[in-house]
Amino acid sequence: MSRARTASALTAVCLALAMIAGCAGSKSAGQAENKGQAAAAAALTKGRALSASFTDSRVAGMKGIAESDRLRLFVDEQTGGIAVLIKRSGEIWYSNPPERGTDSLASGVNKDLLSAQLKIDFYNHFGQINSINSYTDSVAHKQLQFEAIPGGVRVTYQFGTAEKTADDMPKMLSKARFEELTGKMDKTGQRALKIAYTEDPEKGLYTRNDDALKGLQLGRALKAFESVGYTEKDLEKDIAALKLNQTKPEPRIFRASIEYTLDNDSLVVNIPVSRILYPSEYPVNAVSVLSFFGAVGQEGKGAIFVPDGSGALIHFNNGKTKYPAYRQLVYGKDLTTDTTEDPAREEAIRLPVFGLIREGGAFLGIVEKGAPVATINADVGGRLNSYNYVYPSFNVVNEDEITLDANGQQRSLPRFQEHPMKSDFTVRYAFLSGKDASYQGMATYYQQYLQERGGLPKLKKADQAGKDIPFYLQLVGSISKKKHIVGIPYRALEPLTTFEQAKSILTEAQQRGIRNIKLQYAGWFNGGLDHKVPDRVAVDGTVGGSGGLKDLVSFTQGKGISLFPDVAVLTAHTGAGFKESKEAARSLRGVPAARYPLDPALNRRDRNKPPSYVVAPRLVGSYVDSMLRDFGRYRTGGISLRDMADELNSDYRKHNQIDRTESEGILVKALERIRDQGLDMMANGGNAYALPFLTDITNAPLTDSRFKIEDEEVPFFQMVVHGFIDYTGAPYNLSTYTDASQYMLKCLEYGAGVYFEWTYAPNYEVQDTEYNDLYAVNYKQWMNEAADMYRKVNGVLKDVQNKRIVSHEKLSDGVFRTDYDNGFYIIVNYNRAQVQVDGRPIEAESYVTGGGES
């Protein structure tokens, strides 16, 4: 009896799994569901040959199809490859390495990938990733189509073929039906069918012999059926006649297009998402674009630029093939899909760019559309092939697993996002030459690109030169702390810095010579540091209440201090007043996206503690509107945004999905509303979409992630934003720096402000709380050092705080030079010994300045 119940339960589980799998597959196809099936049924028409507008012997075998004032675009109709010719220099950039056929390292699929322009990763029935590429699965079968478009060309690839298989023949035939068919065939056809089917005299049936239907024999059997005009309708009739359990699977055919156009000095590459077509059973996970554009072989010299943190260089052929290749998500992880229990500590990509520097030229890749779902990939020669390369890939459909349980027996099944991403995927390749063919030139180009498109605020006014640089100070108001009364535990707010105490700290800081203080005040409303969602603003009484905040505003304005009360919008740090079932974003598993606190001792998520929740993006606008209505009456002049320039999340709520590209649009609209209130905005992180709205960035990246494959960190981020937005890194007293001199040198090299996080209360007040990371924040132990540090950094940088960084150079190990557009320069020496630069001594852990207004 128990066995019967178990079998029944397992049967129910299997049925449920089948239903979920079917739903997941059909829904994940999204807009491609109907078009994709049509694509599978119809062969790709080759279309007319492209008309060549011009030719060039330097790109033999290619047709010239578009040109701008600076560039010419060529296409190879046999391979789908393209080439861009720089008119002025004659330099040529190929989509695929011209000498790839001689690569002795690459083999198999890795050899084929060198000839591909697209790679598609898709899910099979088990949620496992399979890959196809435009060479092996399209070009090799001559399944590509070219179409002239304004300013360029569209190349469409069909992946896979609709070749017939054994399933195009019935599994069984009655003796009468077998004899009817073979009676119409010639002797060759009869022989083929007698091999293809085995007779069962007792049942009067012929059974298909799948073991014999391999290669040549399968072709002969199929040809025999074709010779008598056997059709799909005949197959359906034969299946119905014997009530066979047989279905013909849909052919696994995919389509995708690349559009190439020229725009002045750039090649613009677009993947229209509406043209990514796939069978519903095989959702596309990701599309990789031009993986080997401009790739350089083992004899080449140069570097790959990746946007890891502040920026990093990977030198060609650096021999680091035993370390993982570079792969990083733009804007960091999506908290609705990130399930890592032991999170790695790495810098995020803030700017959606990448590049390659080779002898004679460079390109900068700018992800114009689809950045929130982009990943930047790079590798060096010697691992899979002989080339050094960098490219973007884009997520189309994400997947997670759900687990079903029946009588203690579990099964996992993939669940896919309901609809594919709605954004096209567009990458601009800007070509640089001469002295601009460097990461410095890339930064200058990207800065100008952002300026022209409103991607940066206006350059700071010239009259700011000589004014004091900002001193960034975060004060923590109150935290939630477990307390006891008569042995009974309860939670209450513990004040760490009241408004009155903040005045005291600020007064002392100014007395010590600290100027231009930008105060980021956290833990002031709705329940302390980890406050409730900001659907209203209730100033915490433990730090002074509404009256205390108004007094602090008056005080700071009178002292020339900028006040930025800190607000978290994207995370519900506490469940109080928050209905996670309705207001939290959903993960792919269909549950509220929860984030458990990190146990620093174990570097793992502590699931014994209450989680925070990812706020559903659809609610962000209403939260911001509600917050602004209450916030406005305090007239602070500024606001600090803890997460709106730092995180970007999806929502996989059924029938109400918001993908990451849509979420970006929601955040931009919310930032516009805050700007319309006339508030200065300080924000953590500094993701590119937020830059136009910001006056200040805290926790800006001042380093890379130190991935093993990387060779140098560079201040690319700083070279883009300096002079437009003030910025600083992590608070010194909570950073990994143990040497104040090293921290100051980094500020000088990167043009960054000094930053501290303090409380008025002693450090022991945070012991044995969820805020153990605030282990060294009492202001008294840092005031003297902060004043000295600020005095030194301010003395150097105040004359260039409104200037652009135009050059940065590594002179030798531990010695770097930074130049500004007024001619001023700084050379820093991180070494613990004196160095000489052009005959000029620089003491250990020190610096020199010169030029301009030095």
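Predicted model: local features only at pLDDT ≥ 70, side-chain atom pairs only at ≥ 80, totals over all residues.
## Cavities inside the model

Ala, Val, Leu, Ile, Met, Phe, Trp, Tyr, Cys and Pro count here as nonpolar, Asp, Glu, Lys and Arg as charged, and the others, Gly among them, as polar. Rolling a probe the size of a water molecule over the atoms shows where empty space is left. The count comes to four cavities of 30 Å³ or more.

How is the lining of the second largest cavity made up by class? It has nine nonpolar, two polar and one charged residues. The volume of this second largest cavity is about 70 Å³. Its lining includes Leu570, Val614, Val615, Ala616, Pro617 and Val620, along with Glu647, Leu648, Asn649, Ser663, Ile666 and Leu667. Helix α13 (residues 660–676) gives the largest share of that lining, three residues.

## The largest cavity and Gln801

The largest cavity holds about 120 Å³ of space. Of the 15 residues that line it, Ile469, His722, Asp726, Gly751 and Gln801 are the closest to its centre. Its lining divides into eight nonpolar, five polar and two charged residues.

Gln801 deserves a visit of its own. You will find Gln801 in the loop between α16 (783–797) and β41 (805–812). Is Gln801 buried or exposed? Its relative accessibility is 7%, and because buried means under 20%, Gln801 counts as buried.

## Helix α6: one buried face

Helix α6 covers residues 216–227, 12 residues in all. From its first C-alpha to its last it reaches 16 Å, close to the 16 Å expected at 1.5 Å a residue. Which residues of α6 are buried? They are Gln217, Leu218, Ala221, Leu222, Ala224 and Phe225. Seen down the helix axis, the buried residues of α6 fall within an arc of 150 degrees, so they line one face of the helix. An α-helix has 3.6 residues a turn, so residues three or four places apart point the same way.

On the other side of α6, Leu216, Lys223 and Ser227 are exposed. After α6 comes Gly229, with a positive phi near 75 degrees.

## Helix α8: largely enclosed

Helix α8 (residues 439–452) has 14 residues. Its reach from first C-alpha to last is 20 Å, close to the 20 Å expected at 1.5 Å a residue. Why is α8 described as largely enclosed by the rest of the structure? Because 10 of its 14 residues are buried.

The buried residues of α8 are Tyr439, Gln440, Gly441, Met442, Ala443, Tyr445, Tyr446, Gln447, Tyr449 and Leu450. Just after α8, Gly454 has a positive phi of about 70 degrees.

## Lys63 in strand β1

Our last stop is Lys63, found in strand β1 (residues 63–67). Lys63 is partly exposed, with a relative accessible area of 24%.

Which residues does Lys63 contact, leaving aside its neighbours within four places in sequence? They are Ala49, Leu50, Ala52, Phe54, Leu73, Phe74, Val75 and Glu77. Leu50 and Lys63 are 13 residues apart in sequence, and their C-alpha atoms are 7.9 Å apart in space.

Note on methods. Residues numbered from 1 in each chain as written. Heavy atoms only, no water. Helix = DSSP H or I, 4+ residues; strand = E, 2+ residues; numbered from the N terminus. Expected span 1.5 Å × (residues − 1). Buried < 20%, exposed > 50% of the residue type's maximum accessible area, 1.4 Å probe, protein only. Arc of directions from axis to C-beta. 1 Å grid on protein atoms, 1.4 Å probe; cavity = no way out; pocket = protein on both sides within 12 Å on 5 of 7 lines; lining within 4 Å. Points joined across faces, edges and corners; volume = space filled by probe spheres on them. Contact = heavy atoms within 4.5 Å.
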